[in-house]
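Visitor: I have a structure open and want a quick walk through it. Can we go step by step?

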Amino acid sequence: MKTILCIDDEPRMLDLLTLYLEPTFHCRAMSSVLEGLDYLEEEHVDLVLLDIMMPEMDGWQACQEIRKFWDVPIIMLTAKGEHADIVKGLNMGADDYILKPFDEEELLARIHAVLRRAKIDEKVICFEGLRLDKEAFELYFQQKAISLTPKEFSMLALFLNHQNKVFSREHLINTVWGYNVMIEDRTIDSHVRNLREKLRKSGFPADDYLQTVWGIGYKWHKSATLEHKN
């Protein structure tokens, strides 16, 4: 079940969104933008529903902050329906814009439409200058091609698709090599070491992102520090 993060400072609106979404989606309702950003840093989210008029940080600022670190789809929910407001939200990175009060069926239809577009976009993953094209089996950093083996490519795609998730060596073996394949943990370590080296040679700071979690495995760390925590 896909997870939708709802950020709105009105408790009644959060209750309404949860009521509409829970039969179809896993809904995480938060009244604070900063709490929502913290949640995004730690957990996977498939879509964000974002109010505009909030006290800590307005929705436009929150949308810009999210776009600095995540490619998650964003739908803005607001009573501000002026043309200039809609254009501003879309230009700042929102994928859609729904006016309050809204119809339940229209909300769900728009969410499904945005998620369908996002699924198509998942064929190409972009991160801090990296561009991984899963269909073309190509990886670039700032327009420079990086040659990877099939296993290295699959491993990097897995990390980029699940940023901040810790993968055990056993999980990586089962996912990248397949179940019932007898290989040693040091094979994983060797592939990670080679992947890091190839990324470094291209100029990408691999050590900042492809991190070892001692005693467990590896993860792709999105960012050491978010601006809202400074």
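Visitor: How many helices and strands does the protein have?
Guide: The protein has nine helices and 12 strands. Bear in mind that this is a predicted model.

Visitor: What box do the C-alpha atoms fill?
Guide: Along the principal axes, the box is roughly 55 × 35 × 35 Å.

Visitor: And how many of the residues are buried?
Guide: Buried residues account for 46% of the 230 in the protein.

Visitor: What about contacts, how many join residues at least 24 apart?
Guide: That is 55%, counted among contacts between residues at least 6 apart in sequence.

Visitor: Charges next. How many positive and negative ones are there, and how far apart are their mean positions?
Guide: There are 28 positive and 39 negative charges, and their mean positions are 7 Å apart.

Visitor: On to sheets. In what order do the strands of the open sheet with E6 run?
Guide: The order is E6-E7-E8-E9, four strands with antiparallel pairing. Strand E6 (124-127) and strand E9 (144-145) are the edge strands, each pairing on one side only.

Visitor: How many bridges join E8 to E9?
Guide: Two bridges join E9 to strand E8, residues 138-141, and the two strands run antiparallel. Tyr140 is opposite Ala145 in E9.

Visitor: Which helix lies across that sheet?
Guide: Helix H6, residues 150-161, lies across E6, E7 (130-133) and E8. Its angle to E7 is about 115°.

Visitor: Asp133 is in E7. Is Asp133 buried or exposed?
Guide: Asp133 counts as buried, because its relative accessibility is 13% and the cut-off for buried is under 20%.

Visitor: What does Asp133 touch?
Guide: Leaving aside residues up to four places away in sequence, Asp133 touches Lys123, Val124, Glu138 and Phe153.

Visitor: How many residues sit between E11 and E12 in their hairpin?
Guide: Three residues lie between them. Gly215 in the turn has a positive phi of about 85°.

How values were computed: Residues are numbered from 1 along each chain as its sequence is written. This is a predicted model: local features need pLDDT of at least 70, side-chain atom pairs count only at pLDDT 80 or more; totals for chains, interfaces and linings use all residues. Side-chain values use heavy atoms; hydrogens and water are left out. Buried means under 20% relative accessible area, exposed over 50%, partly exposed in between (1.4 Å probe, protein chains only). Contact means heavy atoms within 4.5 Å. Lys and Arg count as positive and Asp and Glu as negative; His and the chain ends are not counted. The place of a charge is taken as NZ of Lys, CZ of Arg, CG of Asp or CD of Glu. Two strands pair if DSSP finds at least two bridges between them. Axes are lines fitted to C-alpha atoms, for helices over the stretch in contact, and angles run from 0 to 180 degrees between N-to-C directions.
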